[in-house]
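Visitor: Hi, I have a new model open and would like a quick tour. Could you walk me through it?

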Amino acid sequence: MAPSGPGSVRRRCRRVLYWIPVVFISLLLGWSYYAYAIQLCIVSMENIGEQVVCLIAYHLLFAMFVWSYWKTIFTLPMNPSKEFHLSYAEKELLEREPRGEAHQEVLRRAARDLPIYTRTMSGAIRYCDRCQLIKPDRCHHCSVCDKCILKMDHHCPWVNNCVGFSNYKFFLLFLAYSLLYCLFIAATDLQYFIKFWTNGLPDTQAKFHIMFLFFAAAMFSVSLSSLFGYHCWLVSKNKSTLEAFRSPVFRHGTDKNGFSLGFSKNMRQVFGDEKKYWLLPIFSSLGDGCSFPTCLVNQDPEQPSTPAGLNSSSKNPENHQFPAKPLRESQSHLLTDSQSWTENSTNLGKGKAGNQCCRWMEEASRRKAPLASCSHPLWLDMQNTLILAFVPCWKRSVIIEA
């Protein structure tokens with residue numbers, strides 16, 4: 001039997017206190033059900049058709065709200081797999097080595113076959129001393145859970161759980177259905193709320209439930225709309241809350257859009273490929289949470305990486321470091337479509353006309369054919385302008401010679 005001391009008692013007290021926000025939301029939800037379904041729909045509404053429509057729509061939103069909230073609370077956060085944990089020999093070697101280059105050399109050897117491409121701000125391997133493992137990309141240590149969480153977004157006190165790879169979809173649906181729940185209550189309760197102030201309701205306890213129900217629904221609608229809008233923006237950019245505050249660092253430097261593959265693929269990474277599951281709190285996210293495709297472009301592996309403080313290469317898409325190791329099979333298919341991982345980079349480049357002109361000139365150079373038979377100075381000047389605008393430097397001499 002484990003010894004019980006002051007430390008264990010404090011931990012148990014903290015665990016109990018952490019459930020207070022969840023209990024508060026549950027009690028508020030239970031009261032809202034009584035106030036809307038009983039006091040408003042059954043007691044106050046006189047039209048039978050209005051009662052039936054409101055009760056059916058309300059129970060549908062209530063069921064989806066409770067389902068997604070339950071899944072967000074009780075879905076365990078995923079932790080890094082065993083391959084990211086150091087072996088016993090590596091742990092001993094790491095303890096003997098002092099902090100510095102020798103310490104990093106041990107971690108580099110351990111991470112040699114792992115699909116990790118992000119680094120610390122100083123360019124070092126991301127290592128968790130508490131869990132004694134090499135952190136996968138987008139993984140962070142939660143001080144509340146005292147664990148490393150895959151694709152950690154934040155620790156939410158309202159669900160008493162870490163929001164990460166395993167339950168981020170459930171969290172988004174929880175925000176969406178709770179917002180719809182509050183908006184529906186506020187919209188259908190508005191006319192009775194107006195009657196309360198114009199003395200149009202009978203003097204019963206129902207009118208006080210109607211008044212407080214409208215105030216609560218309107219207040220939560222405002223806060224939930226801003227929070228849900230913010231997380232929709234995060235999904236569209238393929239960012240977590242932590243990455244929005246501190247951009248991930250790759251070997252070439254900081255890149256705030258390093259994991260963004262474009263709006264469509266960013267949505268699919270969270271909600272999955274099958275759209276029939278998008279609105280249901282059923283896990284359908286792509287991948288295993290340990291590896292993620294990036295939008296970075298190939299770079300010469302022999303080229304030295306830029307220090308984290310000098311991230312000028314991030315401004316030039318042609319200098320980005322693309323991971324040399326293969327992605328997990330569940331994630332790599334996001335990069336198989338045309339213009340998948342280069343979607344963000346091509347947006348910074350030339351337009352369709354420029355690309356067509358470039359291909360036309362390259363085809364002419366391969367055939368050794370002149371670009372035009374006309375030798376008018378105006379045409380030659382326009383021809384040179386197109387070459388300078390759309391063709392890379394190392395191809396210009398071949399085209400001009402042709």
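Guide: Happy to! One term before we start: two residues are in contact when they have heavy atoms within 4.5 Å. Also keep in mind that this is a predicted model.

Visitor: Got it. Which residues of helix 2 and helix 6 meet each other?

Guide: From helix 2 you have Leu 29, Ser 32, Tyr 33, Tyr 36, Leu 40 and Ser 44, and they meet Tyr 181, Phe 184, Ile 185, Thr 188, Asp 189 and Tyr 192 of helix 6. By type, the residues of this contact are 8 nonpolar, 3 polar and 1 charged.

Visitor: And what angle do helix 2 and helix 6 pack at?

Guide: About 35°, with the axes 12 Å apart. Helix 2 covers residues 20-44 and helix 6 covers residues 168-197. Their crossing is left-handed.

Visitor: What does UniProt list as "transmembrane region"?

Guide: The unreviewed UniProt entry lists residues 16-36, 48-70, 170-188 and 208-230 under that name. In the model, the span 48-70 is 100% helix and 0% strand, and its end C-alpha atoms lie 32 Å apart. Residues 170-188 are likewise 100% helix and 0% strand, with 27 Å between the end C-alpha atoms.

Visitor: New topic: how many disulfides does the structure hold?

Guide: The count is 0.

Visitor: Is Cys 145 buried or partly exposed?

Guide: Partly exposed, because its relative accessibility is 26%. Cys 232 is also partly exposed, at 34%.

Visitor: Where is Asn 167?

Guide: Asn 167 lies in the loop between strand 7 (161-163) and helix 6. Asn 167 counts as buried because its relative accessibility is 0%, below the 20% limit. Leaving aside neighbours within four places in sequence, Asn 167 is in contact with Thr 72, Thr 75, Asn 161 and Cys 162.

Visitor: I like to check backbone torsions. What's up with phi of Arg 138?

Guide: Phi of Arg 138 is positive, about 70°, although this residue is not a glycine. Arg 138 is in the loop between strand 3 (133-134) and strand 4 (140-142), and it is buried, with a relative accessible area of 3%. Lys 151 also has a positive phi, near 45°. You'll find Lys 151 in the loop between strand 5 (147-149) and strand 6 (154-156), buried at 10% relative accessibility.

Visitor: Which loop does Gly 262 lie in?

Guide: The one between strand 9 (253-254) and helix 9 (263-271). Gly 262 is buried, with a relative accessible area of 5%. Its C-alpha is 8.4 Å from that of Asn 238, which is 24 residues away along the chain.

Visitor: Last one, zooming out: how many helices and strands does the protein have?

Guide: There are 14 helices and 9 strands. The protein has 402 residues, of which 44% count as buried. Of the contacts between residues at least 6 apart in sequence, 66% join residues at least 24 apart.

How values were computed:
Residues are numbered from 1 along each chain as its sequence is written. This is a predicted model: local features need pLDDT of at least 70, side-chain atom pairs count only at pLDDT 80 or more; totals for chains, interfaces and linings use all residues. Side-chain values use heavy atoms; hydrogens and water are left out. A disulfide is a pair of cysteine sulfur atoms within 2.5 Å. Buried means under 20% relative accessible area, exposed over 50%, partly exposed in between (1.4 Å probe, protein chains only). Axes are lines fitted to C-alpha atoms, for helices over the stretch in contact, and angles run from 0 to 180 degrees between N-to-C directions. Helices (H or I, at least four residues) and strands (E, at least two) are DSSP runs, numbered from the N terminus. A crossing is left-handed if the near helix is turned anticlockwise from the far one by less than a right angle, and right-handed if clockwise. Ala, Val, Leu, Ile, Met, Phe, Trp, Tyr, Cys and Pro count as nonpolar, Asp, Glu, Lys and Arg as charged, and the others, Gly among them, as polar. UniProt positions are given in the numbering used here, feature names are shortened, and annotations may be inferred rather than shown by experiment.
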